[in-house]
Amino acid sequence: MDAKSKMAILIAKTGVFFANCDGEYDESERDFITRYVHELEKQENISEELKQTIEQAISRTYTYDEIAIETKELLAVFNDAEQQAILKKLQEFISAVIHADNILHPNEAALFEKWKQDFMSN
(Lines give C-alpha, C1' and ligand atoms only; values in the text may rest on other atoms or scores of the structure.)
Protein backbone atom coordinates (compact mmCIF):
# COMPACT_ATOMS: atom_id res chain seq x y z
CA MET A 1 0.00 0.00 0.00
CA ASP A 2 1.36 3.42 -0.90
CA ALA A 3 1.95 6.25 1.58
CA LYS A 4 -1.07 8.32 0.43
CA SER A 5 -3.36 5.36 1.04
CA LYS A 6 -1.83 4.74 4.47
CA MET A 7 -2.28 8.43 5.28
CA ALA A 8 -5.98 8.32 4.33
CA ILE A 9 -6.53 5.28 6.53
CA LEU A 10 -4.58 6.83 9.41
CA ILE A 11 -6.66 10.02 9.20
CA ALA A 12 -9.86 7.99 9.41
CA LYS A 13 -8.61 5.90 12.34
CA THR A 14 -7.27 8.95 14.18
CA GLY A 15 -10.57 10.73 13.76
CA VAL A 16 -12.51 7.78 15.09
CA PHE A 17 -10.17 7.42 18.06
CA PHE A 18 -10.50 11.07 19.09
CA ALA A 19 -14.24 11.11 18.44
CA ASN A 20 -14.65 8.11 20.77
CA CYS A 21 -12.22 9.08 23.51
CA ASP A 22 -14.86 11.00 25.44
CA GLY A 23 -17.03 7.89 25.62
CA GLU A 24 -19.55 9.21 23.11
CA TYR A 25 -19.18 9.07 19.33
CA ASP A 26 -21.40 12.07 18.64
CA GLU A 27 -23.29 12.26 15.35
CA SER A 28 -21.63 15.59 14.49
CA GLU A 29 -18.20 13.99 14.97
CA ARG A 30 -19.19 11.01 12.84
CA ASP A 31 -20.56 13.35 10.14
CA PHE A 32 -17.39 15.45 10.18
CA ILE A 33 -15.17 12.40 9.73
CA THR A 34 -17.38 10.98 6.98
CA ARG A 35 -17.44 14.31 5.09
CA TYR A 36 -13.67 14.68 5.46
CA VAL A 37 -13.05 11.18 4.13
CA HIS A 38 -15.43 11.74 1.20
CA GLU A 39 -13.62 14.96 0.28
CA LEU A 40 -10.31 13.12 0.51
CA GLU A 41 -11.69 10.42 -1.78
CA LYS A 42 -12.73 13.03 -4.35
CA GLN A 43 -9.40 14.86 -4.27
CA GLU A 44 -7.16 11.80 -4.34
CA ASN A 45 -9.15 9.63 -6.78
CA ILE A 46 -8.68 6.59 -4.57
CA SER A 47 -9.45 2.98 -5.45
CA GLU A 48 -12.62 1.14 -4.54
CA GLU A 49 -10.52 -1.19 -2.36
CA LEU A 50 -9.13 1.74 -0.38
CA LYS A 51 -12.63 3.21 0.04
CA GLN A 52 -13.75 -0.10 1.56
CA THR A 53 -10.71 -0.20 3.85
CA ILE A 54 -11.49 3.33 5.05
CA GLU A 55 -15.15 2.45 5.63
CA GLN A 56 -14.04 -0.54 7.71
CA ALA A 57 -11.62 1.69 9.63
CA ILE A 58 -14.41 4.11 10.50
CA SER A 59 -16.61 1.31 11.84
CA ARG A 60 -14.38 0.20 14.72
CA THR A 61 -12.58 1.78 17.67
CA TYR A 62 -8.85 2.17 18.36
CA THR A 63 -6.51 2.67 21.28
CA TYR A 64 -4.08 5.54 21.60
CA ASP A 65 -1.20 3.11 21.24
CA GLU A 66 -2.55 1.79 17.93
CA ILE A 67 -2.85 5.33 16.56
CA ALA A 68 0.61 6.29 17.83
CA ILE A 69 2.26 3.20 16.31
CA GLU A 70 0.61 3.70 12.92
CA THR A 71 1.53 7.38 12.96
CA LYS A 72 5.17 6.56 13.66
CA GLU A 73 5.21 3.90 10.95
CA LEU A 74 3.78 6.31 8.40
CA LEU A 75 6.16 9.11 9.32
CA ALA A 76 9.18 6.82 8.98
CA VAL A 77 8.92 6.81 5.17
CA PHE A 78 9.05 10.61 4.85
CA ASN A 79 11.76 13.23 5.26
CA ASP A 80 11.63 15.84 8.07
CA ALA A 81 9.78 18.50 6.07
CA GLU A 82 7.16 16.01 4.89
CA GLN A 83 6.77 14.66 8.41
CA GLN A 84 6.11 18.16 9.74
CA ALA A 85 3.49 18.78 7.04
CA ILE A 86 1.74 15.48 7.83
CA LEU A 87 1.78 16.17 11.57
CA LYS A 88 0.38 19.67 11.02
CA LYS A 89 -2.44 18.23 8.93
CA LEU A 90 -3.16 15.58 11.56
CA GLN A 91 -3.11 18.17 14.34
CA GLU A 92 -5.61 20.38 12.48
CA PHE A 93 -7.80 17.37 11.77
CA ILE A 94 -7.78 16.16 15.39
CA SER A 95 -8.66 19.65 16.61
CA ALA A 96 -11.57 19.83 14.17
CA VAL A 97 -12.87 16.39 15.21
CA ILE A 98 -12.80 17.07 18.95
CA HIS A 99 -14.53 20.42 18.41
CA ALA A 100 -17.12 19.09 15.93
CA ASP A 101 -19.73 18.58 18.65
CA ASN A 102 -18.95 21.96 20.26
CA ILE A 103 -18.00 20.18 23.49
CA LEU A 104 -14.37 19.72 24.50
CA HIS A 105 -14.40 16.80 26.90
CA PRO A 106 -11.48 16.67 29.40
CA ASN A 107 -10.44 13.27 28.02
CA GLU A 108 -10.32 14.67 24.47
CA ALA A 109 -8.22 17.60 25.63
CA ALA A 110 -5.86 15.39 27.64
CA LEU A 111 -5.32 12.88 24.84
CA PHE A 112 -4.84 15.65 22.28
CA GLU A 113 -2.18 17.17 24.55
CA LYS A 114 -0.53 13.76 24.86
CA TRP A 115 -0.57 13.38 21.07
CA LYS A 116 0.96 16.85 20.63
CA GLN A 117 3.68 16.06 23.19
CA ASP A 118 4.43 12.75 21.51
CA PHE A 119 4.50 14.08 17.95
CA MET A 120 4.78 17.87 17.83
CA SER A 121 7.51 18.49 20.42
CA ASN A 122 10.30 16.74 18.50
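Residues are numbered from 1 along each chain as its sequence is written, and side-chain values use heavy atoms, with hydrogens and water left out. Since the model is predicted, local features need pLDDT of at least 70 and side-chain atom pairs count only at pLDDT 80 or more, while totals for chains, interfaces and linings use all residues.

## Helix α6

Helices are DSSP runs (H or I, at least four residues) numbered from the N terminus. Helix α6 has 14 residues and reaches 20 Å from its first C-alpha to its last, close to the 20 Å expected at 1.5 Å a residue; the expected span is 1.5 Å times one less than the number of residues.

Burial is described by relative accessible area: buried means under 20%, exposed over 50%, and partly exposed in between (1.4 Å probe, protein chains only). In α6 the buried residues are Glu108, Leu111, Phe112, Trp115 and Phe119. Seen down the axis of α6, these buried residues fall within an arc of 105°, so they line one face of the helix. The arc is that of the directions from the helix axis to the C-beta atoms. On the face of α6 turned away from the buried side are the exposed residues Pro106 and Gln117.

## Glutamate 108

Glutamate 108 belongs to helix α6, which covers residues 106-119. Although buried, glutamate 108 has no salt bridge, and arginine 30, the nearest side chain of opposite charge, is 12 Å away. Here Lys and Arg count as positive and Asp and Glu as negative, whereas His and the chain ends are not counted. A salt bridge is a side-chain nitrogen of Lys or Arg within 4 Å of a carboxyl oxygen of Asp or Glu.

The side chain of glutamate 108 does reach the backbone nitrogen of histidine 105, at 2.9 Å. Contact means heavy atoms within 4.5 Å. Leaving aside neighbours within four places in sequence, glutamate 108 is in contact with Phe18, Cys21, Asp22, Glu29, Ile98 and Ile103.

## Salt bridges

Side chains of opposite charge can pair when their charged atoms come close. The whole structure holds six salt bridges, including those in the following table.

| Glutamate 70 | Lysine 13 | 2.9 Å |

Glutamate 70 is partly exposed, at 25% relative accessibility, whereas lysine 13 is buried, with a relative accessible area of 15%.

The other two pairs in the table are in α6. Glutamate 113 and lysine 116 both lie in this helix, three residues apart, about one turn. Glutamate 113 is partly exposed, with a relative accessible area of 40%, and lysine 116 is partly exposed at 22%. Aspartate 118 and lysine 114 also both lie in helix α6, four residues apart, about one turn of the helix. Aspartate 118 counts as partly exposed at 30% relative accessibility, as does lysine 114 at 37%.

## Isoleucine 86 and methionine 7

Isoleucine 86 lies in helix α5, which covers residues 80-99, and methionine 7 is found in helix α1. Isoleucine 86 is buried because its relative accessible area is 11%, and methionine 7 counts as buried at 12% relative accessibility.

Residues up to four places away in sequence not being counted, isoleucine 86 touches Met7, Leu74, Leu75 and Phe78.

Isoleucine 86 and leucine 75 are eleven residues apart in sequence and 7.9 Å apart in space, C-alpha to C-alpha. Methionine 7 and leucine 75 are 68 residues apart along the chain, and their C-alpha atoms are separated by 9.4 Å.

## Asparagine 102

Asparagine 102 is placed in the loop between α5 and α6. Its phi is near 60°, a positive value in a residue other than glycine. Asparagine 102 is exposed, with a relative accessible area of 74%.

Technical notes
A polar contact is a pair of N or O atoms within 3.5 Å; within protein, one must be able to donate a hydrogen and the other to accept it, and residues adjacent in sequence count only if both atoms are side-chain atoms.
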